[in-house]
Amino acid sequence: MKRLLPLCVFLGFAFLFGQTESTQEEAEPQDISPIAAVQFSGSGITDLETQTLFNRFLEELTKASDDPLIDQANINEKIAGLEIESTGCLSDECLKAGLDALSVQQLLAGSINFTKNKYRLKVRKLDAAKSKPKKYSFRYKGEPDG
């Protein structure tokens with residue numbers, strides 16, 4: 001009987017400790033950082049073509065990224081009235097304002113230009129942990145359906 005009591009106390013503490021640790025694991029945030037992509041501005045193409053190419057870009061980004069993308073309607077609602085939404089501003093200050101307004105870890109903004117049968121996509125990615133945005137540029141020469 002004297003041995004049974006310490007064993008029960010030990011098992012009780014082990015059970016409580018296991019429950020506390022699993023609750024802490026569930027409460028810890030996941031390493032998922034949301035990404036927001038602001039509608040790109042277009043030059044040399046119609047608004048419909050700009051929207052179509054931007055949607056195609058989002059599809060490919062979704063396939064390639066492990067992080068979730070924020071819904072475009074939610075993004076448009078939160079950045080309404082900011083310079084980034086109305087003019088496609090790509091300056092560091094505009095991107096920072098958009099990042100703060102959206103409360104995300106990463107913000108993508110860019111432009112799509114079409115001249116002389118060449119498409120050029122310029123993207124700027126601002127990470128909340130960094131002060132300078134990273135710049136990307138993609139080119140495509142050929143027919144639009146290629």
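Guide: Start with the rings: ring pairs link Phe40, Phe54 and Phe57 into a cluster. Keep in mind that this is a predicted model, where local features need pLDDT of at least 70, side-chain atom pairs count only at pLDDT 80 or more, and totals for chains, interfaces and linings use all residues. Residues are numbered from 1 along each chain as its sequence is written, and side-chain values use heavy atoms, with hydrogens and water left out.

Visitor: How many aromatic pairs does a search of the whole structure find?

Guide: The search comes up with four aromatic pairs. One of them joins Phe114 and Tyr119, with 4.5 Å centre to centre and 45 degrees between the planes.

Visitor: What makes the pair of Phe114 and Tyr119 tilted?

Guide: Rings of Phe, Tyr and Trp (its six-membered ring) pair if their centres lie within 6.5 Å; planes under 30 degrees apart are stacked, over 60 edge-to-face, and the rest tilted. Phe114 and Tyr119 have 45 degrees between their planes, so the pair is called tilted.

Visitor: And why is Tyr119 called buried, but Phe114 partly exposed?

Guide: Buried means under 20% relative accessible area, exposed over 50%, and partly exposed in between (1.4 Å probe, protein chains only). Tyr119 has 15% relative accessibility, so it counts as buried, while Phe114 has 24% and therefore counts as partly exposed.

Visitor: Which parts does the pair of Tyr119 and Tyr140 tie together?

Guide: This pair is tilted too, at 6.3 Å centre to centre and 35 degrees between the planes. Tyr119 lies in strand E4 and Tyr140 in strand E5, so the pair ties together parts that are 21 residues apart in sequence. Helices (H or I, at least four residues) and strands (E, at least two) are DSSP runs, numbered from the N terminus. Tyr140 itself is partly exposed, because its relative accessibility is 32%.

Visitor: How do you know that the buried residues of H3 line one face of the helix?

Guide: In helix H3 (residues 72–79), Gln72, Ile75 and Ile79 are buried. Seen down the axis, the buried residues fall within an arc of 60 degrees, so they line one face. That arc is taken from the directions from the helix axis to the C-beta atoms. On the other side of H3, Ala73 and Glu77 are exposed.

Visitor: Is Gln106 buried or exposed?

Guide: Gln106 is buried, because its relative accessible area is 16%. You'll find Gln106 in strand E3. Leaving aside neighbours within four places in sequence, Gln106 is in contact (heavy atoms within 4.5 Å) with residues including Pro34, Leu99 and Asp127.

Visitor: What about Ser103: buried or exposed?

Guide: Ser103 has a relative accessible area of 61%, so it is exposed. Ser103 is in the loop between helix H5 (92–102) and E3, and its phi is near 55 degrees, a positive value in a residue other than glycine.

Visitor: Where is Asn117, and why is it called partly exposed?

Guide: Asn117 sits in the loop between E3 and E4. Its relative accessibility is 32%, so Asn117 counts as partly exposed. Phi of Asn117 is near 60 degrees, again a positive value in a residue other than glycine.
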